[in-house]
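Here's a walk through the model, from its strands to its core and its aromatic rings. Keep the structure open as you read.

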Amino acid sequence: QVQLVESGGGLVQAGGSLRLSCAASGGTFINYGMAWFRHAPGKERDFVSYINWSGGVTDYADSMKGRFTISRDNAKKTMYLQMNSLKPEDTAVYYCAAADSRGWRYALRSDNEYDYWGQGTQVTVFS
């Protein structure tokens with residue numbers, strides 16, 4: 001059974017930065033296409049960013065381009081999301097997700113593509 005554990009969330013002033021981590025245990029990490037989603041109160045869960053097994057394919061939601069950077073360290077079985085220039089509208093619970101043996105060459109943007117989910121980490125941006 002694969003387990004995903006997010007960390008790194010917190011309270012930050014607008015314009016600040018946070019780095020989220022998603023540590024995986026169980027399974028074969030290199031087989032997973034990985035993504036970040038977020039869920040703000042009163043809204044649907046939204047795609048944030050995707051990275052394929054090698055890091056050679058990445059994708060971002062439009063509002064995150066230029067501000068967020070996704071990466072992964074397969075040796076550490078960990079995925080990261082560096083978030084810069086944070087805005088109050090980035091406030092949400094951020095979830096990492098893993099898709100087993102899919103998304104080798106293209107991004108998976110739909111949450112129903114994912115097999116495993118973390119418990120989420122809260123990010124709150126105040127102005």
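This is a predicted model: local features need pLDDT of at least 70, side-chain atom pairs count only at pLDDT 80 or more; totals for chains, interfaces and linings use all residues.

Start with the hairpin that β4 and β5 form, which has five residues between the two strands. In its turn, Gly-42 has a positive phi of about 80°. Strands here are DSSP runs of E at least two residues long, numbered from the N terminus, and two of them pair if DSSP finds at least two bridges between them. For β4 (residues 32–39) and β5, the tally is six bridges, and the strands run antiparallel.

Residues are numbered from 1 along each chain as its sequence is written, and side-chain values use heavy atoms, with hydrogens and water left out.

Now follow β5 onward. Three bridges tie β5 to β6 (residues 58–60), again antiparallel, with Ile-51 partnered by Thr-58 in β6. Six residues sit between the strands of this hairpin, and Gly-55 takes a positive phi near 85°. Why is β5 (residues 45–51) largely enclosed by the rest of the structure? Five of its seven residues are buried, where buried means under 20% relative accessible area, exposed means over 50%, and partly exposed is in between (1.4 Å probe, protein chains only).

Next comes an open sheet of four strands, in the order β1-β3-β8-β7, with antiparallel pairing. Its edge strands, β1 (3–7) and β7 (68–73), each pair on one side only. β1 meets β3 (residues 18–25) over five antiparallel bridges, and Leu-4 has Ala-24 as its bridge partner in β3.

The largest nonpolar core here has 38 residues, and Met-34, Trp-36, Phe-68, Leu-81, Met-83 and Tyr-94 touch the most other members. Such a core is a set of buried Ala, Val, Leu, Ile, Met, Phe, Trp, Tyr and Cys residues joined through side-chain atoms within 4.5 Å. If you click on Leu-81 and skip its neighbours within four places in sequence, you'll find contacts (heavy atoms within 4.5 Å) that include Trp-36, Val-48, Phe-68 and Tyr-94.

Finally, the rings. Rings of Phe, Tyr and Trp (its six-membered ring) pair if their centres lie within 6.5 Å; planes under 30 degrees apart count as stacked, over 60 as edge-to-face and the rest as tilted. The count by this rule comes to seven aromatic pairs. Phe-37 and Trp-117 make a tilted one, 5.1 Å centre to centre with 55° between the planes. That pair links β4 with β10 (residues 116–117), 80 residues apart in the chain. Phe-37 is buried at 1% relative accessibility, whereas Trp-117 is partly exposed at 26%. The rings of Trp-53 and Trp-104 have centres 6.5 Å apart and planes at 70°, so they count as edge-to-face.

Ring pairs also join Phe-37 and Trp-117 with Phe-47 and Tyr-114 into a cluster.
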